[in-house]
Amino acid sequence: MIVTFGELMLRLAPPGFERLLQSPQFCATFGGGEANVAVALATLGLPASFVTVMPRDNPIAEAAIAELRRFGVGVSHIVRGPGRLGIYFLEPGANQRPSKVLYDREHSAISLANPGMIPWDSVFDGARWFHITGITPAISESLASVALESVRSAQAAGVMVSCDLNYRKNLWKWGSVKDAMSALIRHVDILIANEEDVQMALGIHSDADVHAGQLNPAHYEALTAKVLTAYANVRAIAITLRESHSASHNGWSACLHDRDQFVLSRHYEITHIVDRVGGGDSFAAGLIYGLLELPTRQEALDFATAASCLKHSTPGDFSRSSAAEVFSLLKEGGSGRVQR
């Protein structure tokens with residue numbers, strides 16, 4: 001079983017590529033970093049369970065849990081508490097207009113969680129992997145304590161731990177980002193990030209220009225080496241490499257450093273992005289799948305990059321690509337020909 005822990009929210013987005021309230025309607029779905037990973041893993045065919053704190057007697061929360069069940073994600077360890085269901089509004093970008101996210105998640109049930117609220121011993125009974133992101137400790141100081149409790153408990157249970165740094169400047173309203181994330185990462189085996197995450201969350205800088213249209217892999221080999229030097233417990237770090245030509249056109253690849261070797265994935269030109277939200281989460285899920293199921297680091301990284309590439313073609317937070325579809329992209333190169 002693969003366990004993920006974080007916040008599940010209601011996602012409200014205008015239809016198509018409209019601006020917020022350009023027309024008086026929203027498309028309502030659900031999403032959240034760690035929930036997205038759990039759904040992607042279940043869709044790839046691995047058993048996954050999602051842990052969170054949800055409000056009591058809330059029909060929207062019940063609908064969110066039902067949606068997870070529909071994808072085959074385990075929900076038996078979801079805890080109920082006071083508070084509300086978080087919401088985020090997404091304005092999808094197109095061409096030179098960037099996407100925008102507006103959070104409405106203060107006083108959500110999970111933001112009010114405290115250590116001791118989640119029975120981690122039972123959560124990790126039979127688990128072999130635990131995944132969390134840097135979004136969770138950013139939500140509140142008390143939740144950061146729960147996040148630290150979770151990775152310590154997973155480590156004590158002998159469970160492999162992965163963390164996607166996922167730095168969100170609009171969420172961090174308390175304390176020191178670097179102090180909180182450094183404490184968490186001391187209990188992490190596999191680290192996932194992009195170059196901005198590493199710089200903003202860990203204070204480790206590179207020569208990479210996050211706004212450049214093209215990226216130099218040599219900068220990332222040096223950056224990953226710095227991270228591995230700073231955190232001796234981390235077994236490997238993967239970094240996604242996004243070349244942002246516009247909101248609709250990105251180059252997409254990734255690299256991985258496991259102390260023994262530095263490998264680069266296949267590169268994809270994504271020339272018509274349908275929805276990039278959840279792209280990093282599908283990469284994390286693909287990497288977990290690859291590290292568990294595939295024989296080499298190179299194959300694991302290529303699988304993760306391909307899985308994430310496919311997510312950019314699907315609206316909503318959740319990835320809906322099967323393992324067979326990911327392998328098909330790896331084999332056939334993604335010509336887009338009709339399959340009959």
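The structure contains zero disulfides, a disulfide being a pair of cysteine sulfur atoms within 2.5 Å. This is a predicted model, in which local features need pLDDT of at least 70 and side-chain atom pairs count only at pLDDT 80 or more, while totals for chains, interfaces and linings use all residues. Residues are numbered from 1 along each chain as its sequence is written, and side-chain values use heavy atoms, with hydrogens and water left out.

The sulfur of cysteine 163 has its closest cysteine sulfur in cysteine 255, 17 Å away, which is too far for a bond. Cysteine 163 is buried, at a relative accessible area of 0% (buried means under 20% relative accessible area, with a 1.4 Å probe and protein chains only). Cysteine 255 is likewise buried, with a value of 0%.

## The largest cavity

A search of the whole structure finds two cavities of 30 Å³ or more. A cavity is a set of points on a 1 Å grid over the protein atoms alone where a 1.4 Å probe fits but cannot get out; lining residues have an atom within 4 Å of a point.

The largest cavity has a volume of about 40 Å³, the volume being the space filled by probe spheres set on the points. Its lining includes Ala40, Leu44 and Ser282. Helix H9 gives the most to this lining, with three residues. By class, the lining has five nonpolar, four polar and no charged residues.

## The second largest cavity

The second largest cavity holds about 30 Å³ of space. Among its lining residues are Glu7, Met54, Arg84 and Ile110. This lining comprises seven nonpolar, three polar and two charged residues.

Note on methods:
1 Å grid on protein atoms, 1.4 Å probe; cavity = no way out; pocket = protein on both sides within 12 Å on 5 of 7 lines; lining within 4 Å. Helix = DSSP H or I, 4+ residues; strand = E, 2+ residues; numbered from the N terminus. Nonpolar A, V, L, I, M, F, W, Y, C, P; charged D, E, K, R; others polar. Buried < 20%, exposed > 50% of the residue type's maximum accessible area, 1.4 Å probe, protein only.
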